[in-house]
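Good morning, and thank you for coming. Please look at the sequence and the structure on the screen while I speak.

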Amino acid sequence: MPLVVLVERHADEVDELSLQAIAFARTLQSGADVHGLAIGEGSTRTASVLGAHGVSHLHVAEHEAFAPYAPQAVARAAVELIERLAPGVVLAAGTERGNEVLARVAAVHNRPFAANCTESTGGDPLRVIRQRWGGSLLEEAELSGEPALLTVAPHAVAASQANGRSAEVETFRPTLSPEELAVRVIEHVQTETKGVSLEDAKVVVSGGRGTGSAEGFAVIEELADLLGGAVGCSRAVTMAGWRPHTDQVGQTGTKIAPDVYIACGISGATQHMAGCKGAKKILVINTDPEASIMTGADYAVIGDLHEVVPAVSTALRKARGT
Ligand SMILES: Cc1cc2nc3c(=O)[nH]c(=O)nc-3n(C[C@H](O)[C@H](O)[C@H](O)COP(=O)(O)OP(=O)(O)OC[C@H]3O[C@@H](n4cnc5c(N)ncnc54)[C@H](O)[C@@H]3O)c2cc1C
């Protein structure tokens, strides 16, 4: 029985989280064909990358209504493909879109859906372990019936190549009703990001309420700049209007997996940690040695960020002779 993975892409690049979902799919049934479902023109250009990651067939759904995003229409395309291929499992990355589309597929197709899975043993019923409460709780669940629908928690598995050939491409045009076009994105407003994006940064320097104000972020920006990293923040900061929501790390912000996460003046609420627990190392700068973020820290400096952060920047400049 084949498996189907919903593939997200940015321009010609397959989203890293979709490649992770494909790697997860390959562990479910050995020898099963992994089919990709990609949306919109241009998707065919991803066939060789997807093939290298083990996708044997790429189904490209094309329709002028898809651009830039129409979740129910994408769900309808997925349902058409499911009816044609009768897959055992349908997967997507645990992104906002992946979760939204599969939830809609589940509703249309009347099937159970498990979001943000980290492990699965395969089989029927399909046993999964999945994240709840922004990752602070792991739940064991069973999905009965086929196809099982699941999304893969970001960074639960690494993307990996399978040395496959370029995926065989087939395009199709789903039949869409006016109701399926009722929800559509009609405009994208690009926010300006200076330098590297929060999602891609190897180093993220984040500030919390402890920064004290929007101006308090000057020292955070300076350190991020010196380290070639991105600036992040907690929700307390976005709620106060000190930084835009695009900078927010956490359950309702961006989920990141940098090499180093430097959390300054952040207490470490579970909703915040849900966004940064993929970091390889966490360095905390906080005045409170009892702050809950200390339990997740690899290194901690107990002190006022307004003194510690500029001191780190000065030491970095001195070490570089700049
Ligand atoms: C449904 C829901 C979703 C949420 N989603 C998110 C999310 O996505 N991301 C998120 O971040 N939060 C989220 N939250 C909010 C979360 O629960 C916390 O309220 C928030 O993370 C707290 O932000 P903070 O750590 O900056 O502030 P506080 O909890 O107020 O912590 C401030 C910290 O700064 C330290 N400090 C103070 N002054 C200094 C100083 N001068 N130098 C050094 N340290 C200092 C203090 O010791 C303290 O530890 C969510 C909440 C809910 C209910």
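How many residues has α8, and how far does α8 reach from its first C-alpha to its last? This is a predicted model, and in it α8 has 16 residues and reaches 22 Å, close to the 22 Å expected at 1.5 Å a residue.

Let us stay with this helix, which covers residues 305-320. Its buried residues are L305, V308, V309 and S313. They cover an arc of only 130 degrees around the axis, which puts them on the same side of α8. The buried residues of α8 pack against α5, β14, β15 and β16. On the face turned away from that buried side, α8 carries the exposed residues E307 and K318.

Consider next the two ends of the helix. After α8 comes G321, and the phi of G321 is positive, near 70 degrees.

I now turn to the sheet beside this helix. In what order do the five strands of this open sheet stand? The order is β13-β12-β14-β15-β16, and the pairing is parallel. Because β13 (230-233) and β16 (299-302) each have a single partner strand, they stand at the edges, and one side of each is left without a neighbour in the sheet. From one strand to the next, the twist averages 20 degrees.

Within this sheet, β12 (residues 203-207) and β14 (residues 260-264) run parallel and are joined by five bridges. For V205, the bridge partner in β14 is I262. Two helices lie across strands of the sheet. Helix α5, residues 218-226, lies across β12, β13 and β14 and runs at about 175 degrees to β12. Our helix α8 lies across β14, β15 (281-286) and β16, at about 130 degrees to β15.

The model also holds an open sheet of nine strands, with mixed pairing. Its order is β9-β8-β7-β10-β6-β1-β4-β5-β11. The edge strands here are β9 (137-143) and β11 (168-172), each of which pairs on one side only. The twist in this sheet averages 35 degrees from one strand to the next.

Strands β4 (residues 34-39) and β5 (residues 55-61) pair in the parallel sense over six bridges, and I39 stands opposite A61 in β5. Helix α3, residues 71-85, packs on the sheet and touches β1 (3-7), β4, β5, β6 (89-93) and β11. The direction of α3 makes about 150 degrees with that of β4. Helix α4, residues 96-109, lies across β1, β6, β7 (113-122) and β10, and runs at about 170 degrees to β10.

Is T151 buried or exposed? T151 counts as buried, because its relative accessibility is 0%, and the cut-off for buried is under 20%. Leaving aside neighbours within four places in sequence, T151 is in contact with a list of residues including A92, A93, G94, G98, N99 and L102. Also among them are F113, A114, A115, N116 and C117.

Notes:
Residues are numbered from 1 along each chain as its sequence is written. This is a predicted model: local features need pLDDT of at least 70, side-chain atom pairs count only at pLDDT 80 or more; totals for chains, interfaces and linings use all residues. Side-chain values use heavy atoms; hydrogens and water are left out. Two strands pair if DSSP finds at least two bridges between them. Helices (H or I, at least four residues) and strands (E, at least two) are DSSP runs, numbered from the N terminus. Axes are lines fitted to C-alpha atoms, for helices over the stretch in contact, and angles run from 0 to 180 degrees between N-to-C directions. Contact means heavy atoms within 4.5 Å. The expected span of a helix is 1.5 Å times one less than its number of residues. Buried means under 20% relative accessible area, exposed over 50%, partly exposed in between (1.4 Å probe, protein chains only). The arc is that of the directions from the helix axis to the C-beta atoms.
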